[in-house]
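Thank you for asking for comments on this structure. Please read the points below with the sequence and the model side by side.

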Amino acid sequence: MSLPHAILTALLEKPSSGLELTRRFDRSIGYFWSSTHQQIYRELGKLEQAGYIRALPSAVPARGQKKEYEVLPAGRDELAAWVDTAEDPKPLRSALLLRLRAAAVVGGRGLREELERHLGLHRRQLDEYLEIETRDFPPERRSAEADRLRHLVLRGGIDLERFWVQWLTHALEELSEPAGE
């Protein structure tokens, strides 16, 4: 996935200004495709230059006024072509797992605390996802394909957070046992 495609997706869901888009990113797409506000604004300029989006005309032109963007047909075509493209899974990159591997070589004094901190973070994220699921995806709202697809994305996040909670719990138990048992 790429940031331009994430932005096109968000703008097709709802035309937005750059500021509104970054706020929406923080509350939705950002859960699985993070980006800084500067990256989003930079990419908006590139998408506009490529003819994929345009700034909507303003009723009252004023300097410094926020631009609201919409996706043009070329942008929709680009996103549709990207959706239909096969892509292999990317290898997992985890600084935490790398630190554990490094600790096996050089030792590590704060590993337990770091694992506990990560466990707390993943538990909170799981709780947040479960709240979103209850609020936004009651059983009666899961009939439309668009809602089912959005719910599947959320379920992926829920399952991933459950994995981390389970793995971190196991890791902490493993590190609590005396070596060699």
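1. Basis. The structure is a predicted model, in which local features need pLDDT of at least 70 and side-chain atom pairs count only at pLDDT 80 or more, while totals for chains, interfaces and linings use all residues. Residues are numbered from 1 along each chain as its sequence is written, and side-chain values use heavy atoms, with hydrogens and water left out.

2. Helices (H or I, at least four residues) and strands (E, at least two) are DSSP runs, numbered from the N terminus. Two packed helices are described by the angle between their axes and the distance between the axes. Axes are lines fitted to C-alpha atoms, for helices over the stretch in contact, and angles run from 0 to 180 degrees between N-to-C directions. Helix H1 (residues 3-13) packs against helix H4 (residues 73-83) at an angle of about 120°, and their axes are 10 Å apart. H1 and H4 are therefore oblique to each other; angles under 35 degrees count as roughly parallel, over 145 as roughly antiparallel, 65 to 115 as roughly perpendicular and the rest as oblique. His 5, Leu 8, Thr 9 and Leu 12 of H1 meet Gly 75, Arg 76, Glu 78, Leu 79 and Trp 82 of H4, where contact means heavy atoms within 4.5 Å. By class, this contact of H1 with H4 has four nonpolar, three polar and two charged residues. Here Ala, Val, Leu, Ile, Met, Phe, Trp, Tyr, Cys and Pro count as nonpolar, Asp, Glu, Lys and Arg as charged, and the others, Gly among them, as polar.

3. Helices H1 and H3. The axes of H1 and H3 cross at roughly 80° and come within 10 Å. That makes H1 roughly perpendicular to H3. On the H1 side the contact is made by Leu 3, Pro 4, Ile 7, Leu 8 and Leu 11, and on the H3 side by Gln 39, Ile 40, Glu 43, Leu 44 and Leu 47. Eight nonpolar, one polar and one charged residues make up the contact of H1 with H3.

4. Helices H5 and H7. An angle of about 20° and an axis distance of 13 Å describe the packing of H5 and H7. H5 and H7 are therefore roughly parallel to each other. Leu 96, Leu 97 and Leu 100 of H5 touch Trp 164, Trp 167 and Leu 168 of H7. The contact of H5 with H7 divides into six nonpolar, no polar and no charged residues.

5. Nonpolar cores. Which residues have the most contacts inside the largest nonpolar core? They are Ile 7, Leu 11, Leu 21, Phe 25, Ile 40, Leu 44 and Ile 53, and the core has 16 residues. A nonpolar core is a set of buried Ala, Val, Leu, Ile, Met, Phe, Trp, Tyr and Cys residues joined through side-chain atoms within 4.5 Å. The elements that give two or more residues to this core are H1, helix H2 (18-27), helix H3 (37-49) and strand S3 (68-71). H1 supplies the largest share, six residues. Apart from this core lies another, of 14 residues, among them Leu 96, Ile 132, Ile 158 and Leu 172.

6. Single residues. Asp 147 lies in helix H7 (residues 145-176) and is buried, with a relative accessible area of 12%. Buried means under 20% relative accessible area, exposed over 50%, and partly exposed in between (1.4 Å probe, protein chains only). Arg 23 of helix H2 is partly exposed, at 46%.
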